[in-house]
Each structure stands twice: as structure tokens, then as C-alpha cells.
Amino acid sequence: MPIKLENVGIAVRDIDAAIAFFTDLGLTELGRDTVSGEWAETAVGLDGNHVRIAMLQTPDGHGRLELFEYIHPDPIETEPTRPNEIGMHRVAFSVDDLDEALEIAAWHGCHPLRGVATYEGIYRLTYVRGPSGIIVMLAEALQKAEALRKG
């Protein structure tokens, strides 16, 4: 059976702040809507399901995030996920310029959990705590950057 990943859904505290963060990093907002009704309750398994949603897409057209902010039932605040917790872990993006991406993240009050690391001379990468506590991995391919400098 063929299978294709359509999107990753993330519940957020403030959909406008989350959209601003991800679009400033380079994703494109494809659209927004408000979703409710029996079909939404059945699909999600939550009585009274009523959310504001936004679909975002990466510039290459392959990756999508569906952000949603609950109107009803009331959203449940949890502690931000830690890197070693079981379950949904993080969303990861490759970027052309990690330093620029970190400047953009900082404008939104989002900073690395610890710092920037280099993985075997291949990637510079870091985890930042994004909006609503989302862990976002940002990685810059060093070999590509080096090839462009030599080019």
C-alpha cells in the first residue's frame, strides 16, 4: 500500500504568533480556517472539537505543518516537551544560513536549548524552543556551504 506524509499537526497556544514564527523562517501560509462540527468531533475523537487552523508549507513544497489553536474544548497547558521524552519529539528544518535562522527565532523570543553543535563536519545544528514550547531543530549543511564557497 502506498503511503505519503501529508503534514504534521501541532496544537499551539497562539496561532498568530506561531504563524509569524514559521513564516519568518521561510514557510508559506497556504490558508486558514475554523473547523468544527460532527465530522471534526468524529475524526479527532473529541466532543465539541472547534479549532482555528492554518496550513503552512516549506518552500520546496514537500513539507507541511498544520497549526491549530483550540477554541473548544479549552486547551490544556502542559510542560514543554523535553528532548528525552517519549512521544512527539520535534519538527526539523534544514536552512541555508543557521545564524540568520537563529536571529529570526530570537526576534520571536525563541533561543537554543543549549547552543549550536557541529555534527561530524556535516551539519551545524541546534534545537530551539519555539512558540508554545515546540522543539524546532534547525540545521545547516556545511558541505553544501563549503562547496558554494569553493564554487
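User: Ala, Val, Leu, Ile, Met, Phe, Trp, Tyr, Cys and Pro count as nonpolar, Asp, Glu, Lys and Arg as charged, and the others, Gly among them, as polar. On that basis, how do the residues lining the second largest pocket divide?

Analyst: Nine are nonpolar, three are polar and four are charged. Keep in mind that this is a predicted model.

User: Noted. What volume does the second largest pocket have, and which residues are closest to its centre?

Analyst: The volume of the second largest pocket is about 330 Å³. Its lining has 16 residues, and those closest to the centre are Leu25, Gly26, Ser94, Val95 and Asp96.

User: Which element gives the largest share?

Analyst: β1, with four residues in the lining of the largest pocket.

User: How does that lining divide by residue type?

Analyst: The lining of the largest pocket has 14 nonpolar, seven polar and seven charged residues.

User: Ser132 turned up there. Where is Ser132 found, and is it buried, exposed or partly exposed?

Analyst: Ser132 sits in the loop between β7 and β8 (135-141). Its relative accessibility is 24%, so Ser132 counts as partly exposed. Ser132 also has a positive phi of about 60° although it is not a glycine.

User: Why flag that?

Analyst: Because most residues other than glycine have a negative phi.

User: What about Glu120, what is its phi?

Analyst: Glu120 is not a glycine, yet its phi is positive, at about 45°. Glu120 belongs to the loop between β6 (117-119) and β7. With a relative accessibility of 62%, Glu120 counts as exposed; the cut-off for exposed is over 50%.

User: Peptide bonds next. Which residues does the cis bond join?

Analyst: His72 and Pro73, with an omega of about -10°. Pro73 is in the loop between β4 and β5. As background, most peptide bonds are trans.

User: Let's go back to the overall picture. How many helices and strands are there?

Analyst: The protein has four helices and eight strands. Starting at the N terminus, their order is β-α-β-α-β-β-β-α-β-β-β-α. Along the principal axes, the C-alpha atoms fill a box of roughly 60 × 35 × 30 Å.

User: What percentage of the residues is buried?

Analyst: Of the 151 residues in the protein, 32% are buried. As for contacts with a separation of 6 or more, 53% are between residues 24 or more positions apart.

User: Give me a buried strand residue to look at. Where is Thr126 found?

Analyst: Thr126 is in strand β7 (residues 123-129). It has 3% relative accessibility and therefore counts as buried, since the limit is under 20%.

User: What does its side chain reach?

Analyst: The side chain of Thr126 reaches the backbone oxygen of Gly115 at 2.6 Å. Leaving out residues up to four places away in sequence, Thr126 touches Leu98, Leu102, Pro112, Gly115, Val116, Val136, Met137 and Leu138.

User: Over to α1. Which of its residues are buried?

Analyst: In helix α1 (residues 15-24), the buried residues are Ile15, Ala18, Ile19, Phe21 and Phe22. These cover an arc of only 160° around the axis, so they lie on the same side of α1.

User: What happens at the start of α1?

Analyst: There, a side-chain oxygen of Asp14 comes to within 3.1 Å of the backbone nitrogen of Asp16.

User: And just after α1?

Analyst: Gly26 takes a positive phi of about 125° there. Gly26 is also one of the residues closest to the centre of the second largest pocket.

User: How many residues separate Gly26 from Asn84 in sequence?

Analyst: They are 58 residues apart in sequence, and 28 Å apart in space, C-alpha to C-alpha. Asn84 lies in the loop between β4 and β5, and with a relative accessible area of 60% it is exposed.

Definitions and conventions
Residues are numbered from 1 along each chain as its sequence is written. This is a predicted model: local features need pLDDT of at least 70, side-chain atom pairs count only at pLDDT 80 or more; totals for chains, interfaces and linings use all residues. Side-chain values use heavy atoms; hydrogens and water are left out. Buried means under 20% relative accessible area, exposed over 50%, partly exposed in between (1.4 Å probe, protein chains only). Helices (H or I, at least four residues) and strands (E, at least two) are DSSP runs, numbered from the N terminus. The arc is that of the directions from the helix axis to the C-beta atoms. A polar contact is a pair of N or O atoms within 3.5 Å; within protein, one must be able to donate a hydrogen and the other to accept it, and residues adjacent in sequence count only if both atoms are side-chain atoms. Contact means heavy atoms within 4.5 Å. On a 1 Å grid over the protein atoms alone, a cavity is a set of points where a 1.4 Å probe fits but cannot get out, and a pocket is an open set with protein on both sides within 12 Å along at least five of seven lines; lining residues have an atom within 4 Å of a point. Grid points are joined across faces, edges and corners, and a volume is the space filled by probe spheres set on the points.
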